[in-house]
Amino acid sequence: MVTIVSKMWQYRELIWNLTATDLKNRYQNTALGFFWSLLSPLLLALVLYFIFRHLWGHEQDFAINLMVGIMAWRFFANGTSLSLRAIVGNSSLVTRVYIPRQILVLSNVLANLISSLLEFVVLLPILLILLGYLPVTVLLYPLIHAIYFWFIYGAGLIMSSLFVYFRDLNQIWQVVTQVLFFCSPIIYPLSIIPDYLMAYYRLNPVTQFIIMYRDVMIAGKLPSLFSIVLTIGFSIVAYLVGSLVFSKLQRRFAEEM
Amino acid sequence: MSAIIVDNISKKFRIPHEKKTTVFQNIVGLIKRQFSYEEFWALKDISFEVNKGEALGIIGRNGSGKSTLLKIMAKVLYPDSGSVTMNGKVASFLQLGVGFQPELTARENVYLYSSILGLGRKQVDKAYDDILDFAELKKFENMKLKSFSSGMSVRLAFSTAIYTFPNTLLLDEVLAVGDEAFQKKCRDRMDRFKAEGKTIVLVSHNLIAVKEMCQRTMLLNEGRIVTMGDTEKVIDDYLAMLKGK
């Protein structure tokens, strides 16, 4: 574990170059490219807002909860579905040259991290307009995002290495994320979940992260100790399992591509 | 001193009777109990050493295990048993221009490719002008790679690769680059590498190139070393073997 971290450090310039390349390709080298990519979450928020406004009309700040939820969700959904292809999509870097292959996953998730940070920057003024103020606790956002990042990186390690062997994983994962979307409190408030289901419901990592984002960005309160411990726990487990699975499976990557 | 020590390497490939690439196929296979595969030994008990400053050629017919051996030395493939020790900085060129991005400019690609080969930004800054001069592409540095001809991008890749200053080079048929004039430049460069005491391992079907570059050569057949020694003699053995079959 320590050796892989020090090896990755040696290759830090490559990690950054691959991340930059990923972003450039994603946004076609234009500044406007990023704003086009914002269109889809904003449109989704708008549509959902109009549909559900009447359903949850009594709920305060529905629009704002929705946007924070979608932002948090997108990092997870895009992060996992794009990092899934990190190995298979870079076959020449796997079969033709030696680099620590974790780099491919890491730089992919880093590119997503930057996208989602940009989305956060765009979200701030919207928050300010809709809320009328910005809670001080927003400053905790980077901390939560860092934990979330490690969780997604761990998940990415698992997904990308399994995808080499199971090429229908992307379709399976698409279905799973769709189910997860509705199992997370994005388009409805947490309060509609019946008590007897709550214990299980809160085991969904994405739920915990969404709760924490809403705490610090909207409610202006510190996230509960329970949430912090649980999310850090999720991230550690995802990272350890991911590293283990990845290092086992990567030995035959070059043969399977 | 040995630059490369290859100790008793074996590599086996699994060839499944029915290739399963999806979860669905694997579940079906599990139910029907179809997990049989054939084993194929691409390399068997390979041991040799390469001295520092030596150029070793590896020749053999298609499928004899040359490229597999080079890939194991380049750490792209893992051997099933045995070990490889490489001393000093290794640059492996199994293919030129790995990771080149058509949407990026020549300049960006030089930086990207150098970092893939393990070079830091500052070192590239220093070598950058030389790289572009050697490739004769200075005029096109801000052009996107997708508008390059294949010859241009290979020249760019080769120039970038030789400026990474490795101690050991692993080459797989990459010397046939560009036109006659550029090839001459490449050969001169390789001679300089040898004069500087760098270690070279060359896998090639081009026997003339092997004869020109390597003092020692290894002949592989069906994953085993047939002979290893003086290049002239090994090439004669190889030609005799081809005639015999």
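Tutor: Before we start, one cut-off: two residues are in contact if their C-beta atoms, placed from the backbone, lie within 7 Å. Keep in mind that this is a predicted model.

Student: Okay, which residues of α10(A) meet α11(A)?

Tutor: On the α10(A) side you have P205(A), Q208(A), F209(A), I211(A) and M212(A). Their partners in α11(A) are S227(A), L230(A), T231(A) and F234(A).

Student: What classes do the residues of that contact divide into?

Tutor: Six are nonpolar and three are polar, with no charged residues.

Student: Why are α10(A) and α11(A) called oblique?

Tutor: Helix α10 (residues 205-219) of chain A packs on helix α11 (residues 225-249) of chain A at about 135°, with the axes 10 Å apart. Angles over 145 count as roughly antiparallel and 65 to 115 as roughly perpendicular, with oblique for the rest. The pair is therefore oblique. As for handedness, α10(A) passes α11(A) in a left-handed crossing.

Student: And what makes α7(A) and α8(A) oblique?

Tutor: Run the test again: helix α7 (residues 141-165) of chain A and helix α8 (residues 169-182) of chain A cross at roughly 140°, and their axes come within 9 Å. Roughly antiparallel needs an angle over 145, so these two are oblique to each other. M159(A), L162(A) and F163(A) of α7(A) make the contact with L169(A), N170(A) and W173(A) of α8(A). By class, that gives five nonpolar residues, one polar and no charged.

Student: How do you know that the length of α11(A) agrees with 1.5 Å a residue?

Tutor: The expected span is 1.5 Å times one less than the number of residues. With 25 residues, α11(A) should span 36 Å, and its end C-alpha atoms are 36 Å apart, so the two agree.

Student: Which residues in α11(A) are called buried?

Tutor: The label needs 20 or more other C-beta atoms within 10 Å of a residue's own. In α11(A), T231(A), F234(A), S235(A), A238(A), G242(A) and F246(A) are buried. The buried residues of this helix pack against α6 (102-131), α7 and α10 of chain A.

Student: Moving on to the interface, how many residues of chain A are in contact with chain B?

Tutor: 22 residues of chain A touch 25 residues of chain B. Elements giving two or more residues to the chain A side are α2 (12-26), α5 (91-95), α8 and α12 (253-256). The largest share, six residues, comes from α2(A).

Student: And what is the make-up of the side of chain A that touches chain B?

Tutor: It divides into nine nonpolar, six polar and seven charged residues.

Terms used:
Residues are numbered from 1 along each chain as its sequence is written. Chains are lettered from A and ligands numbered from 1 in the order in which they are written. This is a predicted model: local features need pLDDT of at least 70, side-chain atom pairs count only at pLDDT 80 or more; totals for chains, interfaces and linings use all residues. Axes are lines fitted to C-alpha atoms, for helices over the stretch in contact, and angles run from 0 to 180 degrees between N-to-C directions. Helices (H or I, at least four residues) and strands (E, at least two) are DSSP runs, numbered from the N terminus. Angles under 35 degrees count as roughly parallel, over 145 as roughly antiparallel, 65 to 115 as roughly perpendicular and the rest as oblique. A crossing is left-handed if the near helix is turned anticlockwise from the far one by less than a right angle, and right-handed if clockwise. Ala, Val, Leu, Ile, Met, Phe, Trp, Tyr, Cys and Pro count as nonpolar, Asp, Glu, Lys and Arg as charged, and the others, Gly among them, as polar. A residue is buried if 20 or more other C-beta atoms lie within 10 Å of its own, exposed if 12 or fewer, and partly exposed in between; C-beta atoms are placed from the backbone.
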